[in-house]
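The sequence and the structure come before the details.

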Amino acid sequence: MPHRTFFWFILPSLAAMVLFIAFPIISVIIQSIHVEHEQVLISVENCGPFGCKQITAIDAEATALLKADQPLGQFSGLDNYTNRNHLAFKEVSKAWHSSESVGAFFSALLNLPFYKALLFTLSYTFVVTPFVIVLGLAIALGVNGLPKLAKGPTIFVSLLPMIVTPLIGSLILFWMIDGDGVIGATLKYLFDDPNLSLKASPTLTWIMLFVYGIWHSAPFSFIVFYAGLQTVPEDTLEAATIDGANRWQRIRYVVVPYMMPLVVFITLMQLMDNFRVFEPIVGFSSEASATSLSWIIYNDLTQDTQLFGSAGATSVLTIVGVAILLLPVLVRTWRDFNRKSH
Amino acid sequence: MSKFKTFAFTATAAAMLVSSAANAGCGINGNANVSILGNDFPALHAVFSAAEQCAGDGVTIIKNHNKDFKNLMVPALSSSPAEYSAVTVANGTLVTLMNNDLVRPLNDLVEKHGAGLNKTQLVSVDGKIMAIAFMANAQHLFYRSDILEQVGLTANDVQTYEQVLDAAQRIRDAGIMEYPVALNTKAGWNLGEEFVNMYLGTGSNMFKAGTAEVSINNADGVATLNMLKQLSSYSHPDFLTFDSNTTQAMWEGGKLALATMWGSRTAGVLDDEGSTPEVVNGTNFAAAPSFNGGSTPASSLWWDGFVISKNVSDADAEASFVAMMNGISTEMVQANNDAATWLINGYKPSKAASGVAATAMNGASPYPMLPFMGALHGAAGAELADFLQGNESAEQALSDMEAAYTTAAKEKGFL
């Protein structure tokens, strides 16, 4: 295709990408390197239903003048990135120098909101992703072996966890694992422990969130693998059977290698999705035991004092995190592509 | 719905129809657009519906009840003309609007149309009336008198949180309930509110006078945290997931004997839905307990009121004020007496309001109307959970809170 034609072909989507992806990211980056202008405080009398009191308030006029001078707020460089609520360079180095053991250093590190969230986010990503791939493949193989009549209904039922909106799905599970819910009560009975609570301990909360993540995402990898299975060449499988390969060997040496591109695809999608884990934390009310990077952004924007710079900084750090995670997979795909094309 | 209720409902509806015909326009001159934004709970539905009666004769009224109104209001009022001409707010939310200079002083409108208002309803800052309050709210003690009786106690024995702990231990020892206590301790805003309430009970200030510098890492802060922790040991281990809906359901399910909950939940607890007669008959309300030898109830007083946007035309502002005045009329209160603790003339306090009234009577402080309060509230809600889970000391938790607050306050330009 001539370059000119190619350019006109790609122009609409390129324009959309610049408008809806590049510009917002640039805007987020600009916000993340600014803090709000200085607030001019005055002491005033405040009266209301419960009496009068001297309070500190913002001098609206004086502050408006400052605002007009610097509409973006004060430039703060990387302060939003390095302050305590994000990378916390000062606190981390202090913890490093004052901690007597590695354990003490890590507990000081995990006392900082960003690192606490990062630990959960990474754990979630690296636990859920492999399970989703293996489980998805297992379900796909199982469904593929079913008689024709049973396939349709089974596929529909297997897809249900993905069809349910994540927030709703996690809320439903949250009620089910309540001490009086069907899962919670059953576990209490099985372990013979009337005080067992899945919501109370951080460890159990983490496990619960992992299980939810796997339950929610497995259908996605299942349906991709199932589609892939339909294209595995019958000849090769037959040849393998004639060579004496059993079912396991046929899967291991024919099906899995054939599906490798799909595995790469699902890994990429899952790493991205799981690194942005958010809804289950809200749905399961697990803020006390588990927070994620996306949850921090949400929290900065929804509390009484909205912190746009802070939210911007966490967003940029999340983008960097996703890029780092995807890099190995992308580099590998690039190499494979180059090898094939030469 | 009982027959009586159906009758009362029909009668009210009929009365509203009549009044709407009589009130169309509410005497608003000329054409005006009124749009009202506010939170989503029954008392506000009553107010907004009454305000809506002023529609007609060239006056249009649009209302929006939204649980996330806090996040909507600043952008919606920043545009010119503002998307909403009136917003119902509380202590904390008014500060957010004032921080952004989005509220219109109401002195002239009150003079012209505010004859029926009590002086206490006027919320003023520096002599400028910023909001008209119409209802009060506070967290206070809910107790089951039947269960206290079983362990030989009365309402007089739960006036301080130390006594509440003692009563909880007796209830546990008697084998009635393992976890008789609950507060709204869900990590985040709810937990932050419990910290603020308890700290106010010590009578100390949270900030150095006249500045935005926080000072909570002191003996009173430690006492506050320790009391919250002791109370949580009598709460179900899931306590960090308890919000108002959860605690109300637990109360109605008969699982609690002593709880600190919002006054706006009393009507829901007392109605004949979702609970058993045993629980409802045993339920009583008292002032929020004090603690640590203090006499101030460990709670904060909240009011709900309305403000008028700065960025709307004078005509729309006046029309909105008149419509909202109609919304908080004595007739509205008489038709919805038990929906809230109203601050409006004509309100007859009922059992449902007794807890809020007693808390105010005992001298509880209003929720601090400081521009940087939200930042401390958020820091407390986020950093306290670690302490309550037993992962760190009270001093560490307080210094974490101060550090988180200071970072946020710097970003907002307060420090």
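**Terms and numbering**

Two strands are said to pair if DSSP finds at least two bridges between them, and the strands themselves (E, at least two residues), like the helices (H or I, at least four), are DSSP runs numbered from the N terminus. This is a predicted model, in which local features need pLDDT of at least 70 and side-chain atom pairs count only at pLDDT 80 or more, while totals for chains, interfaces and linings use all residues. Residues are numbered from 1 along each chain as its sequence is written, and chains are lettered from A and ligands numbered from 1 in the order in which they are written.

**Strand pairing**

Strand S2 of chain A (residues 41-48) runs antiparallel to strand S3 of chain A (residues 51-58), to which eight bridges join it, and the hairpin between S2(A) and S3(A) passes through two residues. S2(A) is also joined by two bridges to strand S4 of chain B (residues 122-125), again in an antiparallel arrangement.

A:Cys47 stands opposite A:Cys52 in S3(A), and A:Cys47 likewise stands opposite B:Ser124 in S4(B).

**Overall form of chain A**

Chain A has 16 helices and four strands. Its radius of gyration is 26 Å, well over the 20 Å that the globule rule gives for 342 residues, so chain A is more spread out than a compact globule; the radius is taken over C-alpha atoms, and the rule is 2.2 Å times the number of residues to the power 0.38. The C-alpha trace of chain A spans about 90 × 70 × 50 Å along its principal axes.
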